[in-house]
Amino acid sequence: MRPYILAETNWKALKDEKIELAVLPWAATEAHNYHLPYGTDIYEADAIAAAAGEIAWKSGAKITILPTIPFGVNTGQSDIYLDMNLNPSTQLAIIRDLTNVLHRQGISKLLILNSHGGNDFKTILREIGLEFPDMFFSTCNWFQSMDKTIYFEHMGDHADEMETSLIMHLHPHLVGPLAEAGDGAEKKSTVKALREGWAWAERKWSMVTEDTGIGNPKASSPEKGERFFKDVSQKVAQLMIDLEKLDLANRYE
């Protein structure tokens, strides 16, 4: 039993604890090229949250890792078979309900550990923050926390070398042969501002990629995945530690 994993611990172990920070991993269920499972984002969120949580807990941080939400915003993938979607308004309702529980029980800090590029919690947390002014809300994208060029040869953002290497390390039995994987080629927008990144429009996934991946996975390896996993878990753990210690009355310097 890991006391920092809410799904594993029990009331006897927790009833006299004073948890300072709740961490909510949020993932998605979607196709990941031909070689990775639909639950890739879930497996990553579970593993990184647990590994980071262990480091934080052993440092003395009073945290709890909530069960991962397995569905995310996939509005741009509505025609990809069995890509499951939660609308942002549904995410807002879920976060509001969970915040009510935390607030009622005196846990004033919530970190959403995001594991899916289609999720964007900033506007949701702005709205929730008005409703719960004495709470502290934060979110992070673990997949943007590291310089990936240090670890991987080919960049991408979906079923790429990074994600493939991670799942090779975490769940090798779920990774199909790389020889059968698509190359993750991405078509770019015909609109210059969208290509440059200072304008935004949702990508129509089936028009952008033929294999549902973005980024070439062919150079992936479990060794690369293990190295990246250890480093990203350490970085996320430090965020948990810093948030747990944060004095909400003196949060700026």
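**Close-up views of a predicted single-chain model**

**Figure 1. Overall fold of the chain.** Among contacts in the chain with a separation of 6 or more, 80% join residues 24 or more positions apart; contact means heavy atoms within 4.5 Å. This is a predicted model, in which local features need pLDDT of at least 70 and side-chain atom pairs count only at pLDDT 80 or more, while totals for chains, interfaces and linings use all residues. Residues are numbered from 1 along each chain as its sequence is written, and side-chain values use heavy atoms, with hydrogens and water left out. The chain has 8 helices and 4 strands, arranged along the sequence as α-β-α-β-α-β-α-β-α-α-α-α. The radius of gyration is 19 Å, close to the 18 Å that the globule rule gives for 253 residues, so the chain is as compact as a globular protein of that length. Helices (H or I, at least four residues) and strands (E, at least two) are DSSP runs, numbered from the N terminus. The radius of gyration is taken over C-alpha atoms, and the globule rule is 2.2 Å times the number of residues to the power 0.38. The C-alpha trace spans about 55 × 35 × 35 Å along its principal axes.

Figure 2. Buried means under 20% relative accessible area, exposed over 50%, and partly exposed in between (1.4 Å probe, protein chains only). The buried residues of α5 include E161, T164, L166 and M168. The buried residues of this helix pack against α2 (40–58) and α8. In the whole chain, 49% of the 253 residues count as buried.

**Figure 3. K230 in helix α8.** K230 is found in α8, which runs over residues 222–245. K230 has 51% relative accessibility and therefore counts as exposed. The C-alpha atoms of K230 and A51 are separated by 8.3 Å, although the two residues are 179 residues apart along the chain.

**Figure 4. Two loop residues with positive phi.** Most residues other than glycine have a negative phi. N33, in the loop between β1 (21–26) and α2, has a positive phi near 60°. N33 counts as buried, at 7% relative accessibility. A159 lies in the loop between β4 (136–141) and α5, and its phi is also positive, at about 55°. A159 has 0% relative accessibility and counts as buried.

**Figure 5. Q91 in helix α3.** Q91 lies in helix α3 and is buried, with a relative accessible area of 1%. Leaving out residues up to four places away in sequence, Q91 touches W26, G72, V73, L86, N119, F121 and I124.

**Figure 6. The second largest pocket.** The second largest pocket holds about 330 Å³ of space. Of its 13 lining residues, I19, T64, L102, Q105 and I107 are the closest to the centre. On a 1 Å grid over the protein atoms alone, a pocket is an open set of points where a 1.4 Å probe fits, with protein on both sides within 12 Å along at least five of seven lines; lining residues have an atom within 4 Å of a point. The volume is the space filled by probe spheres set on the points. Helix α3 (residues 88–104) gives the most to the lining, with 3 residues. The lining divides into 8 nonpolar, 3 polar and 2 charged residues. Ala, Val, Leu, Ile, Met, Phe, Trp, Tyr, Cys and Pro count as nonpolar, Asp, Glu, Lys and Arg as charged, and the others, Gly among them, as polar.
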